[in-house]
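Trainee: I would like to learn how to read helix packing and a nonpolar core. Where do we begin?

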Amino acid sequence: MARISETDLILNDDGSVYHLNLLPKHLSETIITVGDPGRVYRVSEHFDEVEFEMNKREFITHVGTYKGKKVTVISTGMGTDNIEILFTELDALVNIDLKTREPKSRRKKLRIIRIGTSGALQEDIPVGSHLVTSYAVGFDSLMHFYNLAMDEQEQVYARDIQEKIGLPFQPYVVRGSETLQQQFGGDMIIGNTVTTPGFYAPQGRILRAPIKYPRLLEDLYYYHHKASDFWLTNFEMETAGYYAMARLLGHETLSVNAIIANRVKNKFAKDPNKVIDPLIKKVLDSL
């Protein structure tokens, strides 16, 4: 197998991967991720103990135990660009020999659970609810740089969304782990999540800058693939990156969402933490 160069796989002086600053020993069987670095502490406060901490840019990591089980929680910051870094470096930790810089012959599959916040696109999804993402729809450009294989149904959705919403590009559509959905999805609403490359215009918000798609929110609300009763339920900024990178690298991943806003009803949670904290506990108890 070809040796990976020092500029393709950058390592720190202690042998850890460049951005995450982690070593293989810091990873648990199932990894929990959050967007907000401050939310790492909201997860690890439930741990029996925290054994290791690493602060590197927006990537904050705590490693500890929950009811005797090892747990790693990592913050990613916002956007699918950070998710690409996260997945690539986590994969390197388990599937590349960091000393020889060669891919391992025997591949390891990671399990990664994203706990994030999201805005609902449908009236009947209330603020305060929890939603598990079945399909993710990527409006960002990350997958233009990878060879992502979509199955026939995913391609149908991608073409249909582009046509009906009038996008100048075709989104990518990827289904998440059905196994993890059964384990962690439980009593959550099952939805299909749009991942956008920004928080304002890409999510239909208008402040002062003129936007290109003033009807975007309405178009997402009304979109419906009748043959399979497929609706778009919510949007945020990372999930499609998770699902696509997991497929490319052979890992299992799932996104669970705390609904802190309903964009159709123009409602926002008075205290988002009261929505997020029960979701964190629900995930930890399902490990």
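Mentor: We begin with handedness, keeping in mind that this is a predicted model. The crossing of α2 and α6 is right-handed.

Trainee: Which residues make the contact between the two helices?

Mentor: On the α2 side they are T80, I83, E84, L86, F87, T88 and D91, and on the α6 side G241, Y242, M245, A246 and L249. By type, the contact of α2 with α6 comprises seven nonpolar, three polar and two charged residues.

Trainee: How is the geometry of such a pair described?

Mentor: Two packed helices are described by the angle between their axes and the distance between the axes. Here α2 (residues 80-95) and α6 (residues 239-249) pack at about 30°, and their axes are 9 Å apart. The two helices are therefore roughly parallel to each other, since angles under 35 degrees count as such.

Trainee: And the core: which residues touch the most other members?

Mentor: In soluble globular proteins, nonpolar side chains tend to be buried together. In this model the largest nonpolar core has 76 residues, and L90, I161, L220, L232 and V256 touch the most other members. The element that gives the most to this core is α2, with seven residues. As for L232, its contacts beyond four places in sequence include I161, L220, V137 and Y223.

Trainee: Is I31 buried or exposed?

Mentor: I31 counts as buried because its relative accessibility is 0%. I31 lies in strand β1 (residues 30-34). Not counting residues up to four places away in sequence, I31 touches T72, I74, L90, L110, R111, I112 and I113.

Note on methods:
Residues are numbered from 1 along each chain as its sequence is written. This is a predicted model: local features need pLDDT of at least 70, side-chain atom pairs count only at pLDDT 80 or more; totals for chains, interfaces and linings use all residues. Side-chain values use heavy atoms; hydrogens and water are left out. Axes are lines fitted to C-alpha atoms, for helices over the stretch in contact, and angles run from 0 to 180 degrees between N-to-C directions. Helices (H or I, at least four residues) and strands (E, at least two) are DSSP runs, numbered from the N terminus. Angles under 35 degrees count as roughly parallel, over 145 as roughly antiparallel, 65 to 115 as roughly perpendicular and the rest as oblique. A crossing is left-handed if the near helix is turned anticlockwise from the far one by less than a right angle, and right-handed if clockwise. Contact means heavy atoms within 4.5 Å. Ala, Val, Leu, Ile, Met, Phe, Trp, Tyr, Cys and Pro count as nonpolar, Asp, Glu, Lys and Arg as charged, and the others, Gly among them, as polar. A nonpolar core is a set of buried Ala, Val, Leu, Ile, Met, Phe, Trp, Tyr and Cys residues joined through side-chain atoms within 4.5 Å. Buried means under 20% relative accessible area, exposed over 50%, partly exposed in between (1.4 Å probe, protein chains only).
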